[in-house]
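Let's take a friendly walk through this structure, looking at how its parts are laid out and how two of them meet.

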Amino acid sequence: MLKREKTDVLVIGGGAAGMACALSAAKEGVYVTLLERESSVGGVLNQCIHNGFGLQFYHQELTGPEFASRLIDEMNMENVKIINQSYVRDIDVRKRVAQVLSPDGAYEIQAGALVISTGARERPFGSLLIPGDRPSGIMPAGVAQRYVNLENRIPARKAVVLGSGDIGLIMARRLTLEGVEVVGVLERMSYPGGLTRNIVQCLEDFDIPLHLSTTVTEVRGEGRLRSVEVSKVDENFTPIPGTSRNIDVDALILSAGLLPQVEDFSDDLEVDPVNRGFLVSNTCESSVEGVFAAGNNVAVFDLVDYVAAEGWIAGRHAALFSRGVNTSGDRVPIFRGKNIGVLVPGIVDMEEHLRLYIRLRKPMEKGVVVLRELKIEKKFSYGVPSEMIQLVVNRDKLQPLMNHGRLTVEVQ
Amino acid sequence: MRSVVIGGGVIGTLIARQLSRFEGEVILIEKREDLGQGITKANSAIIHGGYDDPPASLRGKLCVRGNELYDGLARELKVPVNRIGSIVVAKNEEELKKLQELLLNGQANGVRDLRIVGREELQMLEPAISSAFNYALYCGSAGITEPWMVAIAASINAARNGAEIITGDGVVGGRIEKNSIKCLSLASGREIENVDIVINAAGLFYEKVARLFNVEVPPVKLRRGEYILLDKKARDLVRRIVFPLPSAAGKGRLVVPTIDGGVLLGPTSEELQDFTPQELKTTVEGLDSVRRSGRELIPGIDSPQWYIKSFAGIRPESSGKDFYIKAAREINNFVTVGAIRSPGLTAAPAIAEHVVLELLPSIGVSLKEKRDFDPFIEERIRIKELPFETVSSLIENDHRYGRIICQCNEVSEAEIVQSIRDGARTVDGVKFRTRAGFGRCQGGFCSWKIASILSRELGKDLSEIRQNVPESWITDGKVREQC
């Protein structure tokens, strides 16, 4: 029998953002339903068995599973219904009705407010259009991590990592610890893509070489990967003739970036072209009223703590919306000025504090973040795109924006 | 009578199915682990109208007939066929002349629903087409299909009608007595005795198989085509199959909607110098040219955010450029169906008909129709294509319909288990049957789940599960023995 249910807040995706969101919404006293596609909530935290999580959200250093289990324990004490192994088949975001499949049956859920916390996916190898054969042994770092940490399986004997994003660095170390020979990490940019602490703790401490301005230009192997051709690249990422060499490996571990998962909703909700995630305000509301989004589907964050914090805000506003409490105030758009890459949010709502998350376009020795219309400046030294700059502005200080009708964020 | 078909692509499987209509024993031998994994797997997946093949050729004759037969395949084998139509675009009056030649050629071949349209109608047919084009040859009978499913469904139906389907084993030789093949030897050591007729549908290897029996056939030439598969989002820009003007090199690099909602760009057409059927690689130059051609036809289609994957396919041809379908002169009971280049997929059902109903009787094979031949296979459930309420009741009876394994293409565990019952033995076997892992995450979230289901259903350890061929291992042993 098709189950027809009503809920105050429907949260789609039970990773860090979704769990924090469900928890904070429930704490507002509303009924929450959380949809999770895997057999338990936690998202990618479940396979991130290393530490380094929680310093901001819990003021304590935790592993991924510890971070997840704290949120789960807290959620269990609240009014949250979790539907595991569920799949949103269809959704009307304006009417906030979702058709959901799960092994327990099919549900049609009418929600008072929606939160989309679908996270990000790894950029697949295929989309890089790297020439060559199509053997097995080429996998995103997250898949390798899943095999090693949760499935108890070794997916490689001799590996090279392409891309120096954090998960690639973590997996270079993880595979090394399990006896896989990791011959190096390749990065096509002239600077690393991951956090500095991961470069030190995952590569330098284990003597794994990092090759900058280098990429894979061909993959070879019938059946299983046999070798990769690597080349030096110029600043436009074009291979430099005469620099190519072969490396014999049976695995190519990809850490080529994360893509916010927006496609299932992007016909209805506005997407920021630079962040590639949902355009949201600082109340985490999307371009459709009553539909909120938080976490890596808004932009790829560098810390799970930020993701959980944003989920928390989304949950509170979604709960209030579902109760018919109007929490939103006047709004102005935020514009990118010089040197700004990823920027969250895209809209300032005067009723909520402004939490800005910024990624630089390129590494800078030092600089100053300027919130032009607010005349607020924040200096930094050694800024790199991999580490977000966070700025919080109390809502009491946002009023000048009403006269300007906009906020411009730039780095000088 | 015992007939043996060598090769389990669309040609071999449809011939085996055609043979299974008649009394006698049918054996199909495919050396790969699965059917339809050679030429059948990597082509443009088009059911061509048949307007550009020379009327006097086998291609001209069999393409149009094959196109017609696809309606029957769709009905009987539940193969997806979508006649979305095709256009060949032209810029100016000079190019328009070429369209008129194609139109006349198509009319001579008996192509249905074929006409030339001007800019206004072209704009309606294909709103995102480049403004450089002012005319098009529209063919309403052209369409798209899922080629490997043609091969898989044909083999399932042939098996249902008594045929034996052997996979993972190839013919390595045989014994000839009195100018007839009597026995075939397989790589596994198995011997197939008392053979009455052998049909060589070995694809890229037709010449190699013919040589095993000292049969002369036109030398095979290999041509490689590179493709780029685009995300479903690209479908907003393209409705029909879009061809540039054909040239001496072939039909050119196209923009083709795929049956599961994506878009394909390509192929290139590069003649390989040596016989290197394993050279299924893509190149920088090839992919660049595919992208460039796509942009020229439909501006905006070459958008990096839509790239899902690139791949290459190899097709065989002979210097005559026509199909080579002939009984051997040297041996009484050996037929070669070779050099099946484009439009081989379209022509395949007509080739099977031609071989079994015309060619075999002409060499003295007498066929007696079975009374109990069943042309149908049961439709495999794809929950993605069913109404919500129907899926809901399916889940009530089998909860595995509610466990979605591939989120990109909405494929349930029940469908994956069914595909394994139907013969899938590898991750690719499941992928090609169910479309699980074909979507935008390219298996990032489901490849390990599919491998686990294969391991469970086949009673094998995870480390024994392969992506496709025996060398394509996925995992190698455990991290910890105890945990």
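Which side chain does A:Glu352 meet in a salt bridge? The partner is A:Arg316, at 3.1 Å from N to O; a salt bridge here is a side-chain nitrogen of Lys or Arg within 4 Å of a carboxyl oxygen of Asp or Glu.

## About the model

This is a predicted model, in which local features need pLDDT of at least 70 and side-chain atom pairs count only at pLDDT 80 or more, while totals for chains, interfaces and linings use all residues. Residues are numbered from 1 along each chain as its sequence is written, and side-chain values use heavy atoms, leaving out hydrogens and water.

## Domains

Chain A is divided into domain 1 (1-121 + 258-327), domain 2 (124-256) and domain 3 (329-412), with bounds from an automatic or database domain assignment.

## Where domains 1 and 3 meet

Between the C-alpha centres of domain 1 of chain A and domain 3 of chain A there are 25 Å. Their contact (heavy atoms within 4.5 Å) draws 22 residues from domain 1 of chain A and 23 residues from domain 3 of chain A.

Together these two domains bury about 1,800 Å², with 49% of it on carbon and sulfur atoms; buried area is the accessible area (1.4 Å probe) lost when two parts are put together, summed over both. On the domain 1 side, A:Asn282, A:Asp302 and A:Tyr306 lose the most area to domain 3 of chain A, together 31% of what that side buries.

## Charged links

Domain 1 of chain A and domain 3 of chain A share four salt bridges.

Note on methods
Chains are lettered from A and ligands numbered from 1 in the order in which they are written.
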